[in-house]
Amino acid sequence: MKLKLGVVAFFFCLMAMLGVLALEDQQEPVPLPVDGAFSIEGKSISTNKVVYAIMQKLCDEKGVTVYKPIVDKDSQIRYPKLNDSKDQKSYLQVPVIGMYYSSGRISPADFDGLRRTGLQIVYQKLPWFLGGFAQFSGTLRAMLTTSLYMIFFICLLVSGSRKLKERVIWRSLGKPIIRFFADSCLPLLVNMGLTLLLALLYSHFRGNGLHTYSSQAFLAILLTNLIIFQVLEQVSLLIAYMTIKLEKPVEMIKNKLKGGSLFLIWLVMIGALIFISGQVLKETTQTQVTLKDQIAMLNPWEQVKTWQKLEPIGIQSFDQNGHDSDFRESNKIYTAILEAVKETEFLYLGASGAYVPDSAVDGGFTAQLKSDGISQPEINKRLIYINQAGAKLENAVNQTTYQPVKGKLATICLPEKYKEAQASVLNTVFREQFIGTTVTKDEIALQVIPNGQKLFYFNPSGDDRSQPDMLSRLGSRASDEDAILVILDTQLMPAQRGGALASNITNNGLFSPEAVGRIAALSNRLDFAINPVTVYQGVVLNIQSLKHQLVMAKFLQNLMLLILFICVYQYAMTLLASKQSDFVKVLILGRSKVGMAVTALLGLFLVIIGVIAITVALTGQVILILLALLLGVTIIGASIRSFLLMRRHYTQIVKGELS
């Protein structure tokens, strides 16, 4: 029982550690001890001071803490508390609308006072209960977690097999085969005790209290593990119960499992361990390649590590059908934002939509494009729009030579391989950017550039090894070669086009701290809000997550191989020991020891060879053939030791004194 409880405690703590790493690798909403968030939009009939006073009263009555993200004069994000008088000056100078983060119990009905002022509030509790699935995020992490559950289950079966004789004796004495308290309740109590202890330790040292999102998410992970551990423990008890029912008690006590049910389970475990080892090896190899690519991507990201994407709030008001109810007013705000940042550094990348995506229904769209002079719409999949500052940034990180033509609204940089499609590309740019304006095609420059020019997309989730998304390469890849780059001069854009382009830039652009500061200052005057997000943090977290998964994968591989060799060795020793009386009788007749060992262990050999062959075919990990050779050496070693022990106790075995 001590062995089983030790196994349970060890694996429960190991799974908890994996859960901590999973939480650390997730990008938290904000670096604060919070458990909820709400947004405020609309126009209030009261002043900002009155609205903030209502929120302060709410905080005092409910005992909650509310934080509002603001951008200070240094373009840094701060989170002042609404119920702290020291921070009152900070938030009174900014609009009421925007995002807020809360810590403490609060309900949607508590915002009725704010709603009566004409504001719209959307409140959501952070979904901590989904934290239990954090340890299954990502292919490799999910495989690691599942593999650890499987190894835990195998260890339960191995520790349980050591008590089979004892359970048979209990049965012969009229006692239950399975003891309710010792076999079921005691492991549950150990797991519950560990759950409580680990939750308290995490909340104290890492979670900033029990009420925060991270502490509650970690508790969800512990409860998930608790449930799964209990299910696996009950299944292992059921297998022990069925083994005793199927085997003859006398044969089991004498180590003569004639029915072979235990050995059959043992073979299944060995096969599963080999297969999972191959899968983990495959995923680890792929993750190492991905990690190498991600680290290589860090160099361009270093150039913009302080730049931020904006989440604007309060610019557009939508009606019940989801349409902008005040299009002209929102366009004015977007245009003002573009005007405010035109002399600062920012990056805008946009993909062309003048083509039919793969697997999509044409519906006559291609015919319409060709009637507009776009004769080769399929190459528009590689057409990307960028601003002038963005082109300079690309040249800095990729050593490219993208150069806009001075005085032109747009400059098309066309790789030489596409030079036959000049007219089609020119018509595409004119149709997408300047249709309905007074701009003529003469105001668009086109230059043919050498093939092989690289374009980095600054996409934190981009992966150059996977197939591009059928809708946009920009949304799925990290970089491309031979992209058709169109450099837009945002300062020369006509007024008819300014609002739409400014909207795209505001919602999809990446802005320098100076640009963010100017937009924040503008938001105070035009009564909208921004929620800046530092994209570089997500890139770093992704790399950190990959590193953590690789460390766990290497640990798991070593653990699985150790258990695999122990299982194979013990299987061979136990099987040969159960047949030693038969072996001695046959040896007297002069038969070969090697032939008897091969015959007895034929099932083990077939399982190892068959599973490794299938795993190599599925994963391509040829190195598993070396594992087969090492397992063969292990079986030979176990056989030699078994026959040496048999020879040492030859007389006792013949007399039946040793079984």
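Visitor: Are Phe 456 and Phe 458 buried or exposed?
Guide: This is a predicted model, where local features need pLDDT of at least 70, side-chain atom pairs count only at pLDDT 80 or more, and totals for chains, interfaces and linings use all residues. Residues are numbered from 1 along each chain as its sequence is written, and side-chain values use heavy atoms, without hydrogens and water. Relative accessible area (1.4 Å probe, protein chains only) under 20% is buried, over 50% exposed, and in between partly exposed. Phe 456 and Phe 458 are both buried.

Visitor: How many aromatic pairs are found in the whole structure?
Guide: Phe, Tyr and Trp (six-membered ring) pair with ring centres within 6.5 Å; planes under 30 degrees apart are stacked, over 60 edge-to-face, the rest tilted. The search of the whole structure gives a total of 15.

Visitor: Why is the pair of Phe 12 and Phe 229 called edge-to-face?
Guide: The ring centres of Phe 12 and Phe 229 are 5.5 Å apart. Their planes stand at 90°, so the pair is edge-to-face.

Visitor: How far apart in sequence are the parts that Phe 12 and Phe 229 tie together?
Guide: Helices are DSSP runs (H or I, at least four residues), numbered from the N terminus. Phe 12 belongs to helix α1 (residues 2–24) and Phe 229 to helix α8 (residues 213–246), so the separation is 217 residues.

Visitor: What is the relative accessible area of Ser 184?
Guide: Ser 184 lies in helix α7 (residues 180–205), and its side chain makes a polar contact with that of Gln 234 at 3.5 Å. Ser 184 counts as buried because its relative accessible area is 11%.

Note on methods. Helices (H or I, at least four residues) and strands (E, at least two) are DSSP runs, numbered from the N terminus. A polar contact is a pair of N or O atoms within 3.5 Å; within protein, one must be able to donate a hydrogen and the other to accept it, and residues adjacent in sequence count only if both atoms are side-chain atoms.
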